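Here is a short briefing to read with the model open beside you. Please have a look at the structure first, and then follow the notes below.

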Amino acid sequence: MPTAQAPTESSNFDLKQLLNVLMEVKKGNFSIRMPADQIGIAGKIADTLNDIIEKNEQMTTELERISTVVGKEGKINERASIGSARGSWKACEGSINSLIGDLVQPMAEITRVIRAVANGNLSQSIATEIDGRSLQGEFLQTAQIVNTMVGQLSSFASEVTRVAREVGTEGKLGVQAEVRG
């Protein structure tokens, strides 16, 4: 029956390295790695930890990139990709992309309506339900404000048209515009 052997100086050194790397990763330092020259179980542990750290580093780099490209450069069709992601990594990638889509959809709808107004079309309004899901929070408030604005502009335009017709075509002087709100 094999007996447990006392740790050697080299295995203590490996554990100290492992602890140091783990502590650095815990602090968010993804540039640190275990030495790649280890063999046996220590080598497999080192390689596995290095792979995990690399995936964290890739995710961090991709989040920074997508923040710049979508958030600052306005390329709203861009999505995050961390390569051969699986499991929770894939879920994280999907969550970021879902967040981008959830932010983009209401903004695209707002842009559509404002563009229509700028082109003189006052019949458009922002849908308060997108893809079967009701807008909430700031998105709902913004949609309601824009829809109210379009409604008031439409009412105002109708009254201006009515007054212009009554005064200009029918010759009725003293006609007053009546705009609600």
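In this briefing Ala, Val, Leu, Ile, Met, Phe, Trp, Tyr, Cys and Pro count as nonpolar, Asp, Glu, Lys and Arg as charged, and the others, Gly among them, as polar. The model is predicted, so local features need pLDDT of at least 70 and side-chain atom pairs count only at pLDDT 80 or more, while totals for chains, interfaces and linings use all residues. Residues are numbered from 1 along each chain as its sequence is written, and side-chain values use heavy atoms, with hydrogens and water left out.

**The largest pocket**
- Its lining is made up of Thr48, Asp51, Ile52, Lys55, Ser84, Ala85, Arg86 and Trp89.
- By class, this lining has three nonpolar, two polar and three charged residues.

**Helices H2 and H3**
- Helix H2 covers residues 40-72 and helix H3 residues 87-118, and they pack at about 5° with axes 12 Å apart.
- That makes H2 roughly parallel to H3 (an angle under 35 degrees).
- On the H2 side, Ile52, Lys55, Asn56, Met59, Leu63, Ile66 and Val70 meet Trp89, Cys92, Glu93, Ile96 and Ile100 of H3.
- This contact of H2 with H3 holds nine nonpolar, one polar and two charged residues.

**Glu62**
- Glu62 sits in helix H2.
- Glu62 is buried (under 20% relative accessible area, with a 1.4 Å probe and protein chains only), at a relative accessible area of 9%.
- Beyond its neighbours within four places in sequence, Glu62 is in contact (heavy atoms within 4.5 Å) with Arg79, Ala80, Ser81 and Ile82.

Conventions
Axes are lines fitted to C-alpha atoms, for helices over the stretch in contact, and angles run from 0 to 180 degrees between N-to-C directions. Helices (H or I, at least four residues) and strands (E, at least two) are DSSP runs, numbered from the N terminus. Angles under 35 degrees count as roughly parallel, over 145 as roughly antiparallel, 65 to 115 as roughly perpendicular and the rest as oblique. Buried means under 20% relative accessible area, exposed over 50%, partly exposed in between (1.4 Å probe, protein chains only). On a 1 Å grid over the protein atoms alone, a cavity is a set of points where a 1.4 Å probe fits but cannot get out, and a pocket is an open set with protein on both sides within 12 Å along at least five of seven lines; lining residues have an atom within 4 Å of a point.
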